[in-house]
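I am keeping a notebook on one protein chain. The entries below record what I looked up and in what order.

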Amino acid sequence: MGVSLDKDATKWKEAIAKDKLTWTQVSHLKFWEEPIAIQYEVEAIPATFILDASGKVVARNLKGEELRAKILELLAK
């Protein structure tokens with residue numbers, strides 16, 4: 001799921017199309033006042049969160065091989 005911190009709906013939707021994003025995208029168009037960003041204490045973008053089946057954050061801001069390894073670890077369970 002992608003959560004956008006955009007303020008302009010048209011530009012946000014154009015970026016989704018341009019980048020060919022196929023997963024669910026959400027936004028309240030409130031920039032840094034985005035409720036989900038506040039809830040998860042997002043301080044910079046991009047930010048990455050991995051949640052377990054119960055919604056608990058099990059990893060955040062992993063990149064590259066660390067991200068891949070964590071996903072493989074969790075899928076193996």
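**Entry 1: Val 26**

Does Val 26 count as buried, partly exposed or exposed, and at what relative accessibility? I found 23% relative accessibility, so Val 26 counts as partly exposed. The cut-offs are under 20% relative accessible area for buried, over 50% for exposed, and partly exposed in between, with a 1.4 Å probe and protein chains only. Val 26 has its place in strand E2.

**Entry 2: what I am looking at**

I note that this is a predicted model, in which local features need pLDDT of at least 70 and side-chain atom pairs count only at pLDDT 80 or more, while totals for chains, interfaces and linings use all residues. Residues are numbered from 1 along each chain as its sequence is written, and side-chain values use heavy atoms, with hydrogens and water left out.

**Entry 3: the chain as a whole**

I listed 3 helices and 4 strands in the chain. These are DSSP runs numbered from the N terminus: helices are H or I with at least four residues, strands are E with at least two. Along the sequence the pattern reads β-α-β-α-β-β-α. The C-alpha trace spans about 40 × 25 × 20 Å along its principal axes. The chain has 77 residues, and 18% of them count as buried.

**Entry 4: the loop between E2 and H2**

I looked at two residues here. His 28 lies in the loop between E2 and H2, and at 47% relative accessibility it counts as partly exposed. From His 28 to Val 58 I noted 30 residues in sequence and 25 Å in space, C-alpha to C-alpha.

Trp 32 lies in the loop between strand E2 (25-26) and helix H2 (35-39). Its relative accessible area is 32%, so Trp 32 is partly exposed.

**Entry 5: backbone angles**

Most residues other than glycine have a negative phi, and most peptide bonds are trans. I looked for exceptions. The peptide bond from Ile 45 to Pro 46 is cis, with omega near 5°. Pro 46 lies in the loop between H2 and E3.

Glu 41 is also found in the loop between H2 and E3, and its phi is positive, near 55°. Glu 41 counts as exposed at 54% relative accessibility. Lys 20, in the loop between H1 and E2, has a positive phi of about 55° and is not a glycine either. At 67% relative accessibility, Lys 20 counts as exposed.

**Entry 6: helix H3**

Side chains of opposite charge can pair when their charged atoms come close. How many salt bridges does the count come to? I got 1 salt bridge, the rule being a side-chain nitrogen of Lys or Arg within 4 Å of a carboxyl oxygen of Asp or Glu. Lys 70 forms a salt bridge with Glu 73, and their closest N and O atoms are 3.4 Å apart. The two are 3 residues apart in helix H3, so about one helical turn separates them. Glu 73 is partly exposed, with a relative accessible area of 38%.

Leu 75 is found in helix H3 as well. Leu 75 is exposed, with a relative accessible area of 65%. Its C-alpha atom and that of Glu 41 are separated by 26 Å, at 34 residues apart along the chain.

**Entry 7: the makeup of the pocket lining**

How do the residues lining the largest pocket divide? I noted 20 nonpolar, 4 polar and 2 charged. Here Ala, Val, Leu, Ile, Met, Phe, Trp, Tyr, Cys and Pro count as nonpolar, Asp, Glu, Lys and Arg as charged, and the others, Gly among them, as polar.
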